[in-house]
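Subject: Structure for you to look at

Hello,

Here is the structure I said I would pass on.

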Amino acid sequence: MVRTGRTRVRKVWWWRWRRNPLRRRSDRLEAWLLLATWTLALLGGLLAGAGAAAGMDDDLAARRASLHTVSAVLVGKGVRTASETADGSDETVWAKVRWTALDGSTHTGLTRVAPGTAAGTSVIVWTDRRGDLVRAPLTAAEARLQSVLTGVLVAAGTGAVVFGGGHWARLRLDRRRLRDWEAEWARVAPSGGRT
């Protein structure tokens, strides 16, 4: 028995770009299509994600700048015990407060306070420009996290849309290749139904 040496097969990564006399025009088009798809998916995703993150960061900063804190007075006594929630007990309760807006008008509303807070206690609430109660804005770290997550989501979505478009274009190209192949086969096929 004769032993043969091991043959090493080298994988050609850029096989679509190498010279080949059998390479068709559609093969070159597919190579360019894949390159454009990958480039657009990566660069477009990065740019769209960065733009979305910057936009979200600016929006959250503008919201944070439009809100301000106001000292309010607890009108009624807060409930002694916090309500039970599905994941445990909540550490705050709803209580009615009264505050004076920047324009001098007096407002009342409900806000969250510690359980058992006595009437007349001063609490800090967040209001908008009209003097209405609003939720506290996100902290800088929370806003940064939300901006980053938005950017990642938009980048992934943009990349997925571009890849989907590239895949659709390749399917159209494959269908055209099959039609061309069928037409060529019909032209050169042996006549008489025998192969």
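**Surface patch and pockets**

Leu178, Trp181, Trp185 and Val188 make up a nonpolar patch on the surface, and their accessible area together is about 480 Å². Please keep in mind that this is a predicted model. One of the patch residues, Leu178, sits in helix 2, which covers residues 140-188. Leu178 counts as exposed because its relative accessibility is 52%, and the cut-off for exposed is over 50%.

The largest pocket holds about 440 Å³ of space. It is lined by 15 residues, and those closest to its centre are Ser26, Leu173, Arg176, Arg177 and Asp180. Two or more lining residues come from each of helix 1 (25-66) and helix 2. Helix 2 gives the most, with 10 residues. By class, the lining of the largest pocket has nine charged residues, five nonpolar and one polar.

The second largest pocket has about 260 Å³ of space. Its lining consists of Trp94, Leu110, Thr111, Arg112, Ile124, Val125, Trp126, Leu133, Val134, Arg135 and Ala136. Here the elements that give two or more residues are strand 5 (106-113), strand 6 (122-127) and strand 7 (133-134). What classes do the residues in the lining of the second largest pocket belong to? Eight are nonpolar, two are charged and one is polar.

Regards

Notes:
Residues are numbered from 1 along each chain as its sequence is written. This is a predicted model: local features need pLDDT of at least 70, side-chain atom pairs count only at pLDDT 80 or more; totals for chains, interfaces and linings use all residues. Side-chain values use heavy atoms; hydrogens and water are left out. Patches are made of residues with over 30% relative accessible area and no salt bridge: like charges are joined within 9 Å, nonpolar side chains (Val, Leu, Ile, Met, Phe, Trp, Tyr) within 5 Å. Accessible areas come from the Shrake-Rupley method with a 1.4 Å probe; for residues, only the protein chains shown count as cover. A salt bridge is a side-chain nitrogen of Lys or Arg within 4 Å of a carboxyl oxygen of Asp or Glu. Helices (H or I, at least four residues) and strands (E, at least two) are DSSP runs, numbered from the N terminus. Buried means under 20% relative accessible area, exposed over 50%, partly exposed in between (1.4 Å probe, protein chains only). On a 1 Å grid over the protein atoms alone, a cavity is a set of points where a 1.4 Å probe fits but cannot get out, and a pocket is an open set with protein on both sides within 12 Å along at least five of seven lines; lining residues have an atom within 4 Å of a point. Grid points are joined across faces, edges and corners, and a volume is the space filled by probe spheres set on the points. Ala, Val, Leu, Ile, Met, Phe, Trp, Tyr, Cys and Pro count as nonpolar, Asp, Glu, Lys and Arg as charged, and the others, Gly among them, as polar.
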